[in-house]
Amino acid sequence: MKKIIKNHLYRALGIYILALMYLCSINSLALAGRRDNFPGSYSHSLTSDPWIALTFDDGPHRWYTSRILEVLENNKAKATFFLVGKLCIKYPELVKEIFAQGHCIGNHTFNHWNMTRLSEDRALFEWLACSEAIENAIGEETRFCRPPGGKLNESVIRSADRAGMMVITWTINSLDCSGKSSDQLKGIILSRLEPGAIILLHDGFDTTLQALPDLIRVIRKKGYKLVTLDEMFYKK
Ligand SMILES: [Zn+2]
């Protein structure tokens with residue numbers, strides 16, 4: 001009898017160790033990132049490589065998305081687009097185009113509502129409905145998400161976790177959606193560059209579009225490489 005109990009204990013211990021190893025391996029899939037002020041989200045990658053990620057929120061936009069893609073392609077630069085689900089349904093061809101050009105696509109919720117005002121289950125629906133719209137367009141899942149305005153609470157983090165995504169905010173807010181001129185937003189961004197920085201821009205403003213070629217040129221001149229979030233966090 002004692003032997004049976006002992007065997008059970010060893011078995012349980014073995015399962016516990018295997019589970020621990022599995023959890024550690026999941027963690028090591030993503031490179032270490034600097035956690036936000038809010039636990040469970042990342043504003044920065046801890047990579048020592050001189051990498052910078054440009055991110056564009058709120059698309060796809062019927063006019064601006066193609067222009068942003070054109071500037072990126074002309075400069076052979078890759079970026080990440082956090083897309084709104086209901087707009088992906090409206091403009092699936094733009095979602096396909098972003099993906100076809102090798103950019104990373106992230107989830108920016110279905111309706112672009114303040115997620116902190118929703119129940120956890122309703123927030124989960126927002127993530128899943130947006131993921132479905134993206135997946136229907138490109139046939140691939142997205143693993144990054146960003147809540148509108150970067151507004152977070154524990155329930156939003158839990159809902160993103162349940163949807164299987166990593167919450168990404170930003171290191172540098174360009175303030176392009178606050179009426180800044182293209183020179184002002186260049187100044188804001190270029191004075192704060194550091195390895196692993198994630199830059200917040202928007203798909204929907206003339207000033208962003210005007211600033212983009214110079215931003216790409218100067219960021220590279222300062223020795224940085226522009227990468228997608230997939231490259232930054234998963235070295236993919
Ligand atoms: Zn947004």
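Two strands are said to pair if DSSP finds at least two bridges between them. The views below show a predicted model.

**Figure 1. Strand S3 and strand S4 pair in the parallel sense.** The two elements shown are S3, residues 51–59, and S4, residues 80–83. Four bridges join S3 to S4. In one of the paired positions, Asp57 has Phe82 of S4 as its bridge partner.

**Figure 2. Strand S3 also pairs with strand S9 and with strand S10.** S9 comprises residues 197–202, and its pairing with S3 runs in the parallel sense over six bridges. Within S9, Leu200 is the bridge partner of Thr55. S10 comprises residues 225–226 and is likewise joined to S3 in the parallel sense, here over two bridges. Leu226 of S10 stands opposite Ile52. S3 itself is mostly covered, with eight of its nine residues buried.

**Figure 3. Helix H7 crosses helix H8.** H7 spans residues 182–190 and H8 spans residues 206–221. Two packed helices are described by the angle between their axes and the distance between the axes. For H7 and H8, the axes come within 9 Å and cross at roughly 40°. Angles under 35 degrees count as roughly parallel and those from 65 to 115 as roughly perpendicular, and H7 and H8 are therefore oblique to each other. The crossing of H7 past H8 is right-handed.

**Figure 4. Residues of H7 and H8 form the contact between the two helices.** On the H7 side, the contact is made by Ser182, Leu185, Lys186, Ile189 and Leu190. On the H8 side, Thr207, Gln210, Ala211, Asp214, Leu215 and Val218 take part. Sorted by class, the contact of H7 with H8 has six nonpolar, three polar and two charged residues.

**Figure 5. Glu141 lies in a loop between a helix and a strand.** The loop connects helix H5 (120–138) with strand S6 (144–145). A residue is buried if 20 or more other C-beta atoms lie within 10 Å of its own, and exposed if 12 or fewer do. Glu141 has 13 C-beta neighbours inside 10 Å and so counts as partly exposed. When residues up to four places away in sequence are not counted, Glu141 touches Ser131 and Glu135. Asn107 is 34 residues from Glu141 in sequence, and the C-alpha atoms of Asn107 and Glu141 are 9.7 Å apart in space.

Key:
Residues are numbered from 1 along each chain as its sequence is written. This is a predicted model: local features need pLDDT of at least 70, side-chain atom pairs count only at pLDDT 80 or more; totals for chains, interfaces and linings use all residues. Axes are lines fitted to C-alpha atoms, for helices over the stretch in contact, and angles run from 0 to 180 degrees between N-to-C directions. Angles under 35 degrees count as roughly parallel, over 145 as roughly antiparallel, 65 to 115 as roughly perpendicular and the rest as oblique. A crossing is left-handed if the near helix is turned anticlockwise from the far one by less than a right angle, and right-handed if clockwise. Two residues are in contact if their C-beta atoms, placed from the backbone, lie within 7 Å. Ala, Val, Leu, Ile, Met, Phe, Trp, Tyr, Cys and Pro count as nonpolar, Asp, Glu, Lys and Arg as charged, and the others, Gly among them, as polar.
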